[in-house]
Every structure is written in structure tokens, then in C-alpha cells.
Amino acid sequence: MILELDCGNSLIKWRVLQAAGGDVVAQGTSVSIAELLDVLAGSSVSSITRARLVSVRSDVETAELCSRLSGAFQIDVQQAAPSPQLGGVANGYFDYSRLGLDRWLAIVGAFQMKPGPALVFDLGTAITVDLVDGNGAHLGGYICPGASLLRQQLHSHTRRISYAMEDAATARSTYAPGRSTVEAVERGCHLMLRSFVSAQIQQASTYLGADFAIYSTGGDAALIADIARVQYVPDLVFRGLAIACP
Ligand SMILES: Nc1ncnc2c1ncn2[C@@H]1O[C@H](COP(=O)(O)OP(=O)(O)OP(=O)(O)O)[C@@H](O)[C@H]1O
Ligand SMILES: CC(C)(CO)[C@@H](O)C(=O)NCCC(=O)O
Ligand SMILES: [K+]
């Protein structure tokens, strides 16, 4: 079985495949490797024979994650590394090694799904947007605060904005003007995020032509999944990871 890990700034997303390109037998999100090892130990996942990992954490932290994993399963852990080209895509950064590896793999995963122009949204701790043209040239992209950061900044920098997170999801059910703090903040941030996404889609036609695919991935991808033409692909980074570490 193959263990795949996407180590973001807040969470470790992981899944276990029966074999390369095979069925997903287990998946989840963990706050730490220790928690992930506990979950796997208590599951029906039997023998992990390979692991591949992408991380946007510091080199020291990433090396630590890899060594914990190799120690636990007695295996080598393959790690995605920056590259100027992969899977028909050319990295568009001035310095290709500076492009976040999660972004890079999401673009590569998208281009493999359908070779052609694409706009890729990843909604995690940060929201990232990347453009790739029909020849596989990555044109660059954008990095913005994610949905939680937007709200948290309001909570941290004001005296009177404060509410229980349990009430947040209900408050987001419409976009009507908010009549309580929770409604006003949740609807405001949700609209801000969606307006940004719509503006990106509109602007992208300048660079990609009228006919491009739009993908959304990451923990908060569902917030924009209903916008016209947006395809929700939760495992976009893992698709790219399989190409980077075959
Ligand atoms: N089970 C979950 N646990 C925690 N957050 C979740 C969960 N499901 C969705 N989310 C949302 O996903 C967001 C985190 O997204 P994701 O896990 O893609 O990014 P990350 O790993 O934290 O960050 P990044 O990859 O941008 O560095 C949170 O802001 C939260 O709103
Ligand atoms: C932007 C994030 C945090 C998104 O996870 C990650 O891709 C990252 O750390 N990128 C490095 C900076 C860059 O991509 O320009
Ligand atoms: K991410």
C-alpha cells in the first residue's frame, strides 16, 4: 500500500492507496505525524510499502516528518522537489524553486487531467490562484489570505467582533445583509472570497482565451464549488504528487 501526504501549513492531508493508481483504502487529515500514525495503527491499513510526500513546511520540519515516517514503516519516503518542468508543464516563476510545491503539483495534476489552458484555485490556509496556458506554460499566479485567516484577522484586531464558530456555517446559508455580528462577518468574508474568485475568472480570459478549465481544491474548496464552470477536484495535489514521485 502507498501512503500519500500533503503537508500544508495547518494540516497534514493523507490517503492510502491499495497500489499505484489503485483504490483509496483510507484517508483523512491530521494535525501531526504522531496523530496520523495513531490513526493508521488503529485502522485496517496493513502494510505501507511506499510513501510519497509534498510539504510546504520548512526544510527542517519536512526532514523531521520524513524521518518519523521512514522510521515507523521502515521505508524510504519519496519527497516532491521543485523542478522547472514536469508533466508537460513549465514552471513560470523567475526562480522555479520558490514556487510553493502544493501549487506546482496542483497545476501539474490539472494539466494531466486535461491538457489545455487552466485556472487553478487552492483554498487552504492561503488561497492561491495559478494560470497555465494551452502549451503548458505556467504564467504565474496570486497568493491571498485564506477564509479562516480573513475572519481571524477581524477577531484578533477588533474589540467587539467575537462569536462562537458553531454558528458560522449557518450564518453563511444566504448572502442577505447580516443582522448580527456572526452573519455580518461570515457573509461579508464569504462574499469577498467569492467576488475575488469571480474577478479572477473574468480576468483569466485575457491570458488564457475564452475556453479554459477551472479547478478548485483545498480544505475550503466547497465555498466556491457552485460557481459556474468551477470543477471541484479534492485530490488535485495528490494527482500531481503521483507524477512527481512515480
Ligand atoms: N476536517 C477539517 N479540519 C480542519 N479544517 C478543515 C477541515 N475541512 C475543511 N477545513 C477547512 O480547510 C482549511 C484548511 O485547508 P487545507 O487543509 O487545504 O490547507 P492547509 O493545509 O491548512 O494550508 P495550506 O495547504 O494552504 O498550507 C481550513 O481553513 C478549514 O476551513
Ligand atoms: C502559498 C502557500 C502557503 C499555499 O499553501 C504555499 O504554496 C507556499 O508556501 N508557497 C511559497 C511561496 C510562493 O509560492 O510563492
Ligand atoms: K494547500
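Buried means under 20% relative accessible area, exposed means over 50%, and partly exposed is in between (1.4 Å probe, protein chains only). Keep that handy for the exercises below.

This is a predicted model, where local features need pLDDT of at least 70, side-chain atom pairs count only at pLDDT 80 or more, and totals for chains, interfaces and linings use all residues. Residues are numbered from 1 along each chain as its sequence is written, chains are lettered from A and ligands numbered from 1 in the order in which they are written, and side-chain values use heavy atoms, with hydrogens and water left out.

**Exercise 1. Find cysteine 245 and work out whether it is buried or exposed.**

Step 1: Go to the segment after helix H7 (236-244), and there you'll find cysteine 245. Helices (H or I, at least four residues) and strands (E, at least two) are DSSP runs, numbered from the N terminus.

Step 2: Look at the relative accessibility of cysteine 245, which is 3%, so the residue counts as buried.

Step 3: Now list its partners, using contact in the sense of heavy atoms within 4.5 Å. Skipping neighbours within four places in sequence, cysteine 245 is in contact with Arg50, Arg52, Gln78, Gln79 and Ala80.

Step 4: Glycine 87 is 158 residues away from cysteine 245 in sequence, and their C-alpha atoms are 11 Å apart in space.

**Exercise 2. Describe the chain as a whole.**

Step 1: Count the elements: the chain has 7 helices and 12 strands.

Step 2: For 246 residues a compact globule would come out near 18 Å, and the chain has 19 Å, which agrees. Along the principal axes, the C-alpha atoms fill a box of roughly 55 × 45 × 30 Å.

Step 3: Look at the inside: 43% of the 246 residues are buried. Of the contacts with a separation of 6 or more, 53% link residues 24 or more positions apart.

Step 4: Finish with charge. Lys and Arg count as positive, Asp and Glu as negative, while His and the chain ends are not counted. Each charge is placed at NZ of Lys, CZ of Arg, CG of Asp or CD of Glu. That gives 18 positive and 22 negative side chains, with the centres of the two sets 6 Å apart.

**Exercise 3. Compare the spans of helices H6 and H3 with their expected values.**

Step 1: The expected span of a helix is 1.5 Å times one less than its number of residues.

Step 2: H6 (residues 181-208) has 28 residues and reaches 40 Å from its first C-alpha to its last, close to the expected 40 Å. Just after H6 comes glycine 209, with a positive phi of about 80°.

Step 3: H3 (residues 101-113) has 13 residues and reaches 18 Å, close to the expected 18 Å. In H3, 11 of the 13 residues are buried, so the helix is largely enclosed by the rest of the structure. Among those buried residues are Asp102, Arg103 and Trp104.

**Exercise 4. Which phi values do glutamine 74 and arginine 229 take?**

Step 1: Start with the background: most residues other than glycine have a negative phi.

Step 2: Glutamine 74 has a positive phi of about 55°, although it is not a glycine. Its place is the loop between helix H2 (59-73) and strand E5 (77-79). With a relative accessible area of 69%, glutamine 74 is exposed.

Step 3: Arginine 229 also isn't a glycine, and its phi is positive, near 75°. You'll find arginine 229 in the loop between strand E11 (213-217) and strand E12 (230-232). At 44% relative accessibility, arginine 229 counts as partly exposed.

**Exercise 5. What does isoleucine 127 contact?**

Step 1: Locate isoleucine 127 in strand E9 (residues 126-132). Its relative accessible area is 4%, so isoleucine 127 is buried.

Step 2: Leave out neighbours within four places in sequence. The contacts of isoleucine 127 then include Tyr142, Cys144, Leu193 and Phe196.

Step 3: Now pair isoleucine 127 with valine 197, 70 residues away along the chain: their C-alpha atoms are separated by 9.9 Å.

How values were computed
The radius of gyration is taken over C-alpha atoms; the globule rule is 2.2 Å times the number of residues to the power 0.38.
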